[in-house]
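Please look over the chain shown below before reading on.

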Amino acid sequence: NKQIGLALGMVLLPLVGSYSQAQVMYISRRGSMHLFTAFTQAIFNKSLRLNSASRNLSSSGQLVNLIATDAGTALERSILLIYPLFLAPILLVILLYLVYQE
């Protein structure tokens, strides 16, 4: 009876872990997309309020293009790399508890 429970745990726990990790990645990507859209819109609105001397240096399309290519990838990477920082302490506590139990 105990062996069946252990075997089911060995099969089901990795499945649940991979599903939950996929959900976290999905939520992180969605959040980074929302932040990226808000930043791009704010910068575009700011570029529309520039004076004529500043507008002659670069167009608003160039500014939005720079933000879309450079800041977008950096923002997405930073959001995706932040979630392990929140998850690591929880996993460490669980791991130490399990090691202490054995």
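How much accessible surface does the protein have, and what share of it belongs to carbon and sulfur atoms? The accessible surface comes to about 8,500 Å², and 70% of it belongs to carbon and sulfur atoms; such areas come from the Shrake-Rupley method with a 1.4 Å probe, and for residues only the protein chains shown count as cover.

## Basis and confidence

This is a predicted model, in which local features need pLDDT of at least 70, side-chain atom pairs count only at pLDDT 80 or more, and totals for chains, interfaces and linings use all residues. Residues are numbered from 1 along each chain as its sequence is written, and side-chain values use heavy atoms, with hydrogens and water left out.

The mean pLDDT of the protein (the predictor's confidence in each residue, from 0 to 100) is 82, and 99% of the residues reach 70 or more. Among the elements, helix α1 has the highest mean pLDDT, at 85, whereas helix α2, residues 52-57, has the lowest, at 76. Where pLDDT is low, the predicted coordinates should not be read in detail.

## Overall fold

The protein holds three helices and zero strands, and along the sequence these follow the pattern α-α-α. Helices (H or I, at least four residues) and strands (E, at least two) are DSSP runs, numbered from the N terminus.

The radius of gyration of the protein is 23 Å, whereas a compact globule of 102 residues would have one near 13 Å; the radius is taken over C-alpha atoms, and the globule rule is 2.2 Å times the number of residues to the power 0.38. Taken along the principal axes, the C-alpha atoms fill a box of roughly 80 × 25 × 15 Å. Of the 102 residues, 10% count as buried, where buried means under 20% relative accessible area, exposed means over 50%, and partly exposed lies in between (1.4 Å probe, protein chains only).

Contact here means heavy atoms within 4.5 Å. Among contacts between residues at least 6 apart in sequence, 73% join residues at least 24 apart.

Which residues make the nonpolar surface patch of about 590 Å²? The patch is made by L87, I90, L91, I94, Y97 and L98. Patches consist of residues with over 30% relative accessible area and no salt bridge, like charges being joined within 9 Å and nonpolar side chains (Val, Leu, Ile, Met, Phe, Trp, Tyr) within 5 Å; a salt bridge is a side-chain nitrogen of Lys or Arg within 4 Å of a carboxyl oxygen of Asp or Glu. One of the patch residues, I94, lies in helix α3 (residues 60-101) and counts as partly exposed because its relative accessibility is 44%.

S78 lies in helix α3 and is partly exposed, with a relative accessible area of 31%. The C-alpha atoms of S78 and L92, which are 14 residues apart along the chain, are separated by 22 Å, while M25 and L98, 73 residues apart in sequence, are 26 Å apart from C-alpha to C-alpha.
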